[in-house]
Amino acid sequence: MKILIVDDFSTMRRIIKNLLRDLGFTNTVEADDGTTALPILQTGTIDFLVTDWNMPGMTGIELLRAVRADEKLKTIPVLMVTAEAKRDQIIAAAQAGVNGYVVKPFTAVALKEKIEKIFERIDSAK
Amino acid sequence: MSVENESKMGEFESVVKDGAIDLLNKLEVGDFSGAIKIIQELSEARHKSFYNEVGYLTRSLHDAIRDFQIDSMDMMMQGGVPETEVGSRITDASDRLNYVIEMTSSAANKTMDMVDSSVPVASELQMQARELHKDWNRLIQRDLTPQEFRDLYKRIDAFLKYTDESATTLHNNLNTILLEQGYQDLTGQVITRVNELIRDVEERLVHLVSVAGRVDSISGMEHESETKERDDDRGHGPAINKNDNPEVLNNQDEVDDLLSSLGF
């Protein structure tokens, strides 16, 4: 299970990386916005995408839409971890096909819960 | 000064020039009533030109002031209020900076709390380890009585249990400290935005000052306020004053409720 963490702030990437490690996911890669994330995703080695929304260059919602529009990438589960908390934005993310949405500041428990829920759903769909 | 205004000023100048020649001609032929009529016309032209100038400067001033109001709405977290004070973005920037202070202060306090609760654990571990080490050395040197040996046996057992528990406590504390560093992301975003505002305001202030410097008197003008919504796709950054805005969700529970209402 290889996870790509996309956030423009290295502190936040580190936090998420550490929390994921605590949850048993040790294989992670990082990118600082959608533009740098897409080429990594296109290598086909990423199983799970955790992304921020508000980033310079390509934003998280744009990255999500690009992933869903890509025949090879569209099934990758996407968890949004962001400070964006407008009702319309969350609806937009849901419509774009996000699998989970965690608002910052968040707790380790919230992140764990969302990730587990996503995997549960994937497993039950199999 | 606009081209339109410059041409009006030019028009006034040519009116004055032509009028002066006419005036001289009238005076030379002794036509005083004609001369007075020309003086009156010149006076009227001067009034009209002055009026135009004031109107132009007033519009410029109004535009410069309005520039302060544009974009204020997206900073106001889409409150849906059309009229805003000139200072609203500044007030909002001030709120944002207060948010930075709160976040950094809270993170620093929580981090220090964790350190405070970790240090005694580490000290206790150190103290117990040193005590045991002393007796352990005595054991190696076969310097212990059977009773002391039995005690050491129990103490080591208790120590191992305590070490396990302490490591868990320290691990949790360190994780909490790590998580607290998330404030850097949130406050960094806020400060970047406030910086943009400051640059904007400076630019517009320079413009306003240059216009206002030319205005002696301003006639009343109707102010239209413009609002511009920030694009949701580009993101808004962390929400401040969430409770004032029904469009912004306050916490993870509200987000979860919204998503489950959408069938998630």
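Trainee: How many residues of chain B are in contact with chain A?
Mentor: This is a predicted model, so contacts are computed from its atoms. On the chain A side, 30 residues take part. On the chain B side, the number is 28.

Trainee: Which element gives the most residues to the side of chain B that touches chain A?
Mentor: The elements of chain B that give two or more residues to this side are α5 (146–180), α6 (183–212) and α7. With five residues, the one that gives the most is α6(B).

Trainee: How many residues on that side of chain B are nonpolar?
Mentor: Sort the residues of the side of chain B that touches chain A by class. Five are charged and 11 are polar. The nonpolar ones number 12.

Trainee: Which residues of α7(B) make the contact with α4(A)?
Mentor: The crossing of these two helices is right-handed. From α4(A) come Arg87(A), Ile90(A) and Ala94(A). From α7(B) come Val255(B), Leu258(B) and Leu259(B).

Trainee: How many residues in the contact of α4(A) with α7(B) are charged?
Mentor: Five residues in this contact are nonpolar, and no polar residue takes part. The charged count is one.

Trainee: Now chain A itself. In what order do its elements run from the N terminus?
Mentor: Chain A has five helices and five strands. From the N terminus on, the order is β-α-β-α-β-α-β-α-β-α.

Trainee: Which strands of chain A are the edge strands of the sheet?
Mentor: The sheet is open and has five strands, paired in parallel in the order β2-β1-β3-β4-β5. The twist from one strand to the next averages 20 degrees. An edge strand pairs on one side only, and here these are β2 (28–31) and β5 (100–103) of chain A.

Trainee: Which residue in β2(A) is the bridge partner of Val6(A)?
Mentor: Strand β1 of chain A, residues 3–6, pairs with β2(A) in the parallel sense over four bridges. Ile5(A) stands opposite Glu30(A). The partner of Val6(A) is Ala31(A).

Trainee: Are the residues pointing either way from β1(A) buried or exposed?
Mentor: In a regular strand the side chains alternate between the two faces of the sheet. Ile3(A) and Ile5(A) point one way from β1(A). Leu4(A) and Val6(A) point the other way. Residues on both sides of β1(A) are buried.

Trainee: What angle does α5(A) make with β5(A)?
Mentor: First, helix α1(A), residues 10–22, lies across β1, β2, β3 (48–51) and β4 (78–82) of chain A, at about 155 degrees to β1(A). Helix α5(A), residues 108–125, also packs on the sheet, touching β4 and β5 of chain A. Its direction makes an angle with that of β5(A) of about 175 degrees.

Trainee: What word describes how α2(A) and α3(A) lie to each other?
Mentor: Helix α2(A) is residues 34–42 and helix α3(A) is residues 60–69. Their axes are 9 Å apart, at an angle of about 25 degrees. Angles under 35 degrees count as roughly parallel. These two helices are therefore roughly parallel.

Trainee: Which residues of α3(A) meet α2(A)?
Mentor: α2(A) passes α3(A) in a right-handed crossing. The α2(A) side of the contact is Gly34(A), Ala37(A), Leu38(A) and Leu41(A). The α3(A) side is Gly60(A), Glu62(A), Leu63(A), Ala66(A) and Val67(A).

Trainee: Why does Arg142(B) count as exposed?
Mentor: Arg142(B) lies in the loop between α4 (88–140) and α5 of chain B. Its phi is positive, near 55 degrees, though the residue is not glycine. Arg142(B) counts as exposed because its number of C-beta neighbours inside 10 Å is 7.

Note on methods: Residues are numbered from 1 along each chain as its sequence is written. Chains are lettered from A and ligands numbered from 1 in the order in which they are written. This is a predicted model: local features need pLDDT of at least 70, side-chain atom pairs count only at pLDDT 80 or more; totals for chains, interfaces and linings use all residues. A crossing is left-handed if the near helix is turned anticlockwise from the far one by less than a right angle, and right-handed if clockwise. Two residues are in contact if their C-beta atoms, placed from the backbone, lie within 7 Å. Ala, Val, Leu, Ile, Met, Phe, Trp, Tyr, Cys and Pro count as nonpolar, Asp, Glu, Lys and Arg as charged, and the others, Gly among them, as polar. Two strands pair if DSSP finds at least two bridges between them. Axes are lines fitted to C-alpha atoms, for helices over the stretch in contact, and angles run from 0 to 180 degrees between N-to-C directions. A residue is buried if 20 or more other C-beta atoms lie within 10 Å of its own, exposed if 12 or fewer, and partly exposed in between; C-beta atoms are placed from the backbone. Angles under 35 degrees count as roughly parallel, over 145 as roughly antiparallel, 65 to 115 as roughly perpendicular and the rest as oblique.
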